[in-house]
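Take a moment with the sequence and the 3D view.

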Amino acid sequence: MMKLINKATAVILLSILLTMALTGCQSGGAKSPEAPQNSAEKNTPDEQAKGEGASNSTAPASENSEGQSSEAIKEGSMEKEGNVVLKELAFVYNEHTIAISDTANEDQMEQMLGKPDNLKSHTYSAGDGTNMDTLIGFTEKVYTYPGLEIKTISIPEGKQDSIFHIEITDPKYATVRNIKAGDSLDTLKNAYPEGKLLGDGAPNEEDDYRYEPSNYVDVMSFHIKNAKVESIQIYSLLD
């Protein structure tokens, strides 16, 4: 009789243990799908952090590129390909930067500089007496302002005019390195150390100080008189 009671007790205890084990397994199984979910929730901020880090990582690069663009472009450090503009060969007026090879029609010119005092237009032809056979069919426009002259040209039947010649005599138009008519030769040399005097450069004589990138097509020339900048020419040689 005692043995039967012990066996019954053992069976009951075994059943209880099995029930507890099964309950533990079920509870463990119920939690197991949550594990990936928690992992994803934990990863989401990490992924966002990585995404933010990636976007932030571009910020310094952008800042660096802006810093580089604001630096003076040294002679020969940039090539001109197609319509890529050497922004060094430009002047600034009312926060507008106007450069050689920029496209500018009459409306754009008026928006940037106001209405010109005079506007001339000429389409080159074989019998126009200019002997510019290479430009036959091209249309040249000359915009004249007080102390400023800008010439544009368009290809035959072209819809866009591009700037190829700028002449400045008024000090209100400054180059991108802030050189203007009336500045001293020493100030000019400090701003454009890559340039050079074409003549002897005697202080009391006239000379030209030329800044010329390595493509030998686009030029900025400062006419010097009495050791001061008298005029500035920025131009691109037409083929």
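**A walk through the model**

Val92 stands opposite Thr97 in strand 2. Residues are numbered from 1 along each chain as its sequence is written, and side-chain values use heavy atoms, with hydrogens and water left out.

How confident is the prediction? The score is pLDDT, the predictor's confidence in each residue, from 0 to 100. The protein chain averages 73, and 60% of the residues score at least 70. Among its elements, helix 2 (residues 34-70) has the lowest mean pLDDT, 38. Strand 7 (residues 174-175) has the highest, 96. A contact means heavy atoms within 4.5 Å. Residues 21-85 also have pLDDT below 50, but that stretch has 27 contacts beyond near neighbours in sequence.

Now back to the strands. Strands of a sheet pair through backbone hydrogen bonds, either parallel or antiparallel. Two strands count as paired if DSSP finds at least two bridges between them. Strand 1 (residues 90-93) and strand 2 (residues 96-99) pair in the antiparallel sense over 4 bridges. Their hairpin has 2 residues between the strands, and Asn94 takes a positive phi near 50° there. Strand 1 also pairs with strand 7, antiparallel, over 2 bridges. Here the bridge partner of Val92 is Ala174.

Together these strands form an open sheet of 3 strands in the order 2-1-7, with antiparallel pairing. Strand 2 and strand 7 are the edge strands, each pairing on one side only. Helix 3 (residues 106-113) lies across strand 1 and strand 2. Its direction makes an angle of about 135° with strand 2. Such angles run from 0 to 180 degrees between N-to-C directions, with axes fitted to C-alpha atoms, for helices over the stretch in contact.

Finally, look at Glu149, in strand 5 (residues 148-154). Not counting residues up to four places away in sequence, Glu149 touches Val142, Tyr143, Thr144, His165, Ile166 and Glu167. Gln233 is 84 residues away along the chain, with 9.6 Å between the C-alpha atoms of Glu149 and Gln233.

How values were computed: This is a predicted model: local features need pLDDT of at least 70, side-chain atom pairs count only at pLDDT 80 or more; totals for chains, interfaces and linings use all residues.
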